[in-house]
Amino acid sequence: MADQVYLDYNASAPLCSEARQAMIAAMDVAGNPSSVHASGRAARKIVDHARRTIAELVGGDSERIIFTSGGTEANNLALNGLEDVTVFTSAVEHPSVIEGRVDAKRIPVDGNGVVDLDALEAMLKEASDAGQKVLVSVMLANNETGVIQPVAKVALLAREYGAKVHCDAVQALGRMPVDMGRLLVDMVSISAHKIGGPKGIGALAIAPGVMLVPQIRGGGQEKYRRGGTENVLGIAGFAAAAERAEAKMANMANVAALRDRLETELASEAPELLIAGKGTERLVNTSCLILPGMPGETQVMALDLAGVAISSGSACSSGKVRESHVLREMGVSDAGSAIRVSLGLETTDEDIDTFIRVWSRMRGNAARKKARHAA
């Protein structure tokens, strides 16, 4: 990290010092949270504190926070934990949702990647007429483009037809307010490592009345909703990162200014540059930049060699060069030329200057090479 400009926060944020210290302290607690002796109670105290902290961050109930191995497991539990439901998901969801229910019906999106509410209503009406129970799953903010979905409007529509709603808020957490009550949703998935917590720990927050069939069985942990001894170290780090995220939410205005400067300067230099989702509300830290004719993977490697870390899309697809389903559903014709630049609280003006300088040099080199070949 010291020798690299890190602009891939949507893949994972660096571990914050608060989470690190909380995890170090938790290492001295030997007990199992399910044990009734003093050491076990000490471990349980860490877990219970974390439940309350994380519930406050998402406007939920601490008794209905289910710790998981991450956002992927939380999404899978939400999608598969309800019995006898037909699932509707937006066409631009994270792979853990798209692949978590391959039998789901897809809600189309417009050119900015925003769900088509009229299409959703038609789907809900058809399902209602057929007597089907429905779960609608729509993410709060897209991991590739940062586009923010009208989740509350989705939920209001779903309620008219008696459907439940799940929201993947993994990318939104810590970057915009996430409140279950205001979103009107029944379930919310979150993950620690997007907000400076450790990798491998997440949670599903559920509303009263939501009854889930456990997908991991064995033991009575998480009130019989998810078997297995709790990851006390990860949970401690998650809680500390959640407290920090809440305290520093106002600082995202500084991140927004950096992101806007980056986009403005690049667009001024490269008029051919496209910014996915530019015409709608997006996370203030995210830019999906499309440089026609230059493969995203080539850009990622060139920037990496120059000491700048970015991504060509979802990190969950790393090692697999494939077209972004998100950009495809948005109708982007040159989706293979996209890169994702995502900022965090630690991003500086100097980081943005470096990225712009390196990216501009890369673009210039590519243009000169193309001109030589044409000659």
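This is a predicted model: local features need pLDDT of at least 70, side-chain atom pairs count only at pLDDT 80 or more; totals for chains, interfaces and linings use all residues.
**Entry 1: two helices**

I began with a pair of helices and saw that H10 passes H13 in a right-handed crossing. Right-handed here means the near helix is turned clockwise from the far one by less than a right angle, and left-handed means anticlockwise. H10 covers residues 252-269 and H13 covers residues 349-374; their axes come within 10 Å and cross at roughly 20°. Axes are lines fitted to C-alpha atoms, for helices over the stretch in contact, with angles running from 0 to 180 degrees between N-to-C directions. H10 and H13 are therefore roughly parallel to each other (under 35 degrees counts as roughly parallel, over 145 as roughly antiparallel, 65 to 115 as roughly perpendicular, the rest as oblique). I also looked up who meets whom: the H10 residues include Leu 258, Leu 262 and Leu 266, and the H13 residues include Phe 355, Ile 356 and Trp 359. Contact means heavy atoms within 4.5 Å.

Residues are numbered from 1 along each chain as its sequence is written, and side-chain values use heavy atoms, with hydrogens and water left out.

**Entry 2: the sheet**

Next I traced an open sheet of 7 strands, in the order S2-S8-S7-S6-S5-S3-S4, with mixed pairing. S2 (65-68) and S4 are at the edges with a single partner strand each, so one side of each has no neighbour in the sheet. From one strand to the next, the twist averages 20°. Helix H3 (residues 71-80) packs on this sheet and touches S2, S3, S5, S6, S7 and S8; its direction makes about 165° with that of S7. For the labels, helices (H or I, at least four residues) and strands (E, at least two) are DSSP runs, numbered from the N terminus.

**Entry 3: strand S3**

How many residues of S3 are buried? I found 5 of the 5 (residues 86-90), so S3 is largely enclosed by the rest of the structure. Buried means under 20% relative accessible area, exposed over 50%, and partly exposed in between (1.4 Å probe, protein chains only). Thr 86, Phe 88 and Ser 90 lie on one side, Val 87 and Thr 89 on the other, and both faces are covered.

S3 pairs in the parallel sense with S5 (residues 134-137) over 4 bridges, and also in the parallel sense with S4 (residues 105-107) over 3 bridges. Two strands pair if DSSP finds at least two bridges between them. Phe 88 has Val 136 as its bridge partner in S5 and stands opposite Lys 105 in S4. I followed Val 136 onward: it stands opposite Val 165 in S6.

**Entry 4: two loop residues**

Ile 310 sits in the loop between S11 (308-309) and H12 (325-329). Is Ile 310 buried or exposed? Its relative accessibility is 8%, so Ile 310 counts as buried. Among the residues Ile 310 touches are Leu 7, Asp 8, Val 341 and Phe 355. I checked Ala 11 too: Ile 310 and Ala 11 are 299 residues apart in sequence and 9.0 Å apart in space, C-alpha to C-alpha.

Arg 282 is in the loop between S9 (274-275) and S10 (286-290). At 10% relative accessibility, Arg 282 is buried. Its contacts include Thr 145, Arg 259, Glu 263 and Ser 287.

**Entry 5: cysteines**

I looked for disulfides (a pair of cysteine sulfur atoms within 2.5 Å) and the structure holds 0. Cys 16 is buried at 5% relative accessible area, and Cys 167 is buried at 0%.

Note on methods. Lists of a residue's contacts leave out its neighbours within four places in sequence.
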